[in-house]
Amino acid sequence: MDEIIFKQVESNFSKVRCQKCKNEQVIFTKAASQVKCLVCGEILAKSAGGKAEIVAERIENYS
Ligand SMILES: [Zn+2]
């Protein structure tokens with residue numbers, strides 16, 4: 001199970017800022033795998049038991 005399906009849009013998104021390149025990116029906080037910065041490849045969130053552990057700076061939550 002390494003395929004993540006983003007079809008179901010839920011309200012579990014956060015906007016984070018990459019600590020390395022300051023890119024702001026909206027990530028899915030229940031991601032089943034790690035989320036990387038689209039610009040520099042820095043890990044923004046890693047999987048921790050069904051939900052993502054945000055490593056980057058969290059700016060905003062969408063709920
Ligand atoms: Zn980055």
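**Core, sheets and loops of a predicted all-strand model**

The largest nonpolar core comprises 9 residues, namely Val16, Cys18, Ile27, Val35, Cys37, Leu44, Ala45, Ala52 and Ala56. A nonpolar core is here a set of buried Ala, Val, Leu, Ile, Met, Phe, Trp, Tyr and Cys residues joined through C-beta atoms within 7 Å. A residue is termed buried if 20 or more other C-beta atoms lie within 10 Å of its own, exposed if 12 or fewer, and partly exposed in between, with C-beta atoms placed from the backbone. Of the 63 residues of the protein, 17% count as buried.

The structure is a predicted model, in which local features need pLDDT of at least 70, side-chain atom pairs count only at pLDDT 80 or more, and totals for chains, interfaces and linings use all residues. Residues are numbered from 1 along each chain as its sequence is written. The pLDDT, the predictor's confidence in each residue on a scale from 0 to 100, averages 83 over the protein, and 81% of the residues score at least 70. Confidence is lowest in strand 5, with a mean of 84, and highest in strand 3, at 94.

The protein has 6 strands and 0 helices, and its elements run β-β-β-β-β-β from the N terminus on. Helices (H or I, at least four residues) and strands (E, at least two) are DSSP runs, numbered from the N terminus. Two strands are taken to pair if DSSP finds at least two bridges between them.

Strand 1 and strand 6 run antiparallel and are joined by 5 bridges. Within this pairing, Val16 stands opposite Arg58 in strand 6. Val16, a member of the largest nonpolar core, touches Gln25, Ile27, Leu44, Ile54, Ala56, Glu57, Arg58 and Ile59, residues up to four places away in sequence not being counted. Contact requires that the C-beta atoms of two residues, placed from the backbone, lie within 7 Å.

A further open sheet contains 3 strands in the order 3-4-5, again with antiparallel pairing. Strand 3 (35-36) and strand 5 (51-54) are the edge strands, as each pairs on one side only. Strand 4 (residues 43-48) is connected to strand 5 by 4 bridges, and these two strands run antiparallel. The bridge partner of Ala48 in strand 5 is Lys51.

Two loop residues were examined individually. Lys22 lies in the loop between strand 1 (13-17) and strand 2 (24-28). Lys22 counts as exposed because 11 C-beta neighbours lie inside 10 Å. From C-alpha to C-alpha, Lys22 and Val39 are 9.4 Å apart in space and 17 residues apart in sequence.

Glu42 is located in the loop between strand 3 and strand 4 and is partly exposed, with 15 other C-beta atoms within 10 Å. Glu42 touches Cys18, Gln19, Lys20, Lys36 and Cys37, with residues up to four places away in sequence left out. The C-alpha atoms of Glu42 and Gln19 are separated by 8.3 Å, although the two residues are 23 apart along the chain. Across the protein, 32% of the contacts between residues at least 6 apart in sequence join residues at least 24 apart.
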